[in-house]
Amino acid sequence: MSARLVRLLKMITYIQNRPGITARELMNRLEISKRTLQRDIQALGEASVPVIYDEEERGYKYLGRFALFPLDWTEAERRAFYMLPSFLEKMPNMFTPETLDAIDKVISAEGKKRVVDESTARRWAEAIHTGTSAVQTSSSSRFLSILLEAIHHRRTIRAKYYTQSRDAWSERNIDPYYLIPREHRFYLVGYCHKQKEVRMFRLSRFDSIKLLPQTFTINDFDLEKYMKHTWSILRGDRTIRFKVHFSPSVAKYVKEEELFLRPVFSEQTDGSLLMEVTVNHDQEFLQWLAQYGEHAEILAPLSYRKKMRDQLKSWLTLYEK
């Protein structure tokens, strides 16, 4: 590594650590002349390092939020680089002090990057508030920042997860792709190594999550395609085209609903509303529809008119007891 490159790396670090550092301080620390300092500052500018001289502070700093961070290493590359100092200590005469200093600076910058990333993930997690289940099996909030970091860095996680249908806990490796909000909860969409397919996991059903060293790639996974025709969470393999009529008294509220699908709405002359939507599973859609009671009438499919009629008869029998 050339002496000048080592010096430039040091200069970048000094300015990063002390914005507003004076020319005199830089010259003293780097043991260079004013002319050399000017040439080095010019070289940094030509290398797209946005260093500027602040007239008010009478010192050098960076424009915007520039910082010297290493490349987006894989975990294996990061571990290999972190092991360098221990090897170099055993061969002290083979490298110059400047080379050792430069390596220390890169490790320091990498550490700063990781702290910034983790801090950002924690701030996002703290800013997001959701409801909790009636019987809380895990603390969703404490896992949120870990998942945000894992998704950002494409890191596989090791998790203990509760499967409600089997009433059982299991451990599995998951490649976390996306966090999606549904009905005041968060769900994780990711590749399950145990099931060997993309699955959806409810955040409140995790008991533990650990970041693993290995990374992953999403490849050609398409979230929009994966969630196509899904009303909320439950995904099916059917195609059901509903046609529903809403009375004038609730039409305006239906139009204000924040839905995950995009129904086709047709406003009627009497103020009522006609909605058409295609779903791949009926349960969540019918539950949503039930909140509007007698103000929502299923027109199609006819089989669901019968299903709703039978449901109402069952409720009536229950309440007539």
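Below, each label is set against its definition.

Reply: Before we start, this is a predicted model: local features need pLDDT of at least 70, side-chain atom pairs count only at pLDDT 80 or more, and totals for chains, interfaces and linings use all residues. Residues are numbered from 1 along each chain as its sequence is written, and side-chain values use heavy atoms, with hydrogens and water left out.

Me: How many helices and strands are there in the protein chain?

Reply: The protein chain has 11 helices and 11 strands. Both are DSSP runs numbered from the N terminus: helices are H or I with at least four residues, strands are E with at least two.

Me: How many aromatic pairs does the structure hold?

Reply: The structure holds 17 aromatic pairs. Rings of Phe, Tyr and Trp (its six-membered ring) pair if their centres lie within 6.5 Å; planes under 30 degrees apart are stacked, over 60 edge-to-face, and the rest tilted.

Me: Why is the pair of Tyr-162 and Trp-169 called tilted?

Reply: Their ring centres are 5.3 Å apart and their planes stand at 50 degrees, so tilted is the word.

Me: What makes Tyr-162 buried?

Reply: Buried means under 20% relative accessible area, exposed means over 50%, and partly exposed is in between (1.4 Å probe, protein chains only). Tyr-162 has 17%, so it is buried. Trp-169 has 37%, so that one is partly exposed.

Me: Why is the pair of Phe-242 and Tyr-304 edge-to-face?

Reply: The planes of Phe-242 and Tyr-304 are at 65 degrees, with the ring centres 4.9 Å apart, so this pair is edge-to-face. Phe-242 lies in strand S8 (residues 240-246) and Tyr-304 in helix H11 (residues 302-320), so the pair ties together parts that are 62 residues apart in sequence.

Me: Are Phe-242 and Tyr-304 buried or exposed?

Reply: Phe-242 is at 1% relative accessibility, so it counts as buried. Tyr-304 has 6%, so it is buried too. Both belong to one aromatic cluster, along with Trp-231, Phe-246, Phe-285, Trp-288 and Tyr-292.

Me: Which residues of helix H10 are buried?

Reply: In H10 (residues 283-290), they are Glu-284, Phe-285, Leu-286, Trp-288 and Leu-289. The buried residues of H10 pack against S8, helix H9 (248-256), strand S10 (273-279), strand S11 (296-300) and H11.

Me: How do you know that a charge sits over the ring of Tyr-14?

Reply: The rule asks for NZ of Lys or CZ of Arg within 6 Å of the ring centre and within 35 degrees of the ring normal. The charged end of Arg-29 sits over the ring of Tyr-14, 5.0 Å from its centre. Likewise, the charged end of Lys-160 sits over the ring of Trp-169, 5.6 Å from its centre.

Me: What does Ile-146 touch?

Reply: Not counting residues up to four places away in sequence, Ile-146 touches Ile-209 and Leu-211; contact means heavy atoms within 4.5 Å. Ile-146 and Leu-211 are 65 residues apart in sequence, yet 7.5 Å apart in space, C-alpha to C-alpha.

Me: And what makes Leu-318 partly exposed?

Reply: Leu-318 has a relative accessible area of 47%, so it is partly exposed. Leu-318 is found in helix H11.
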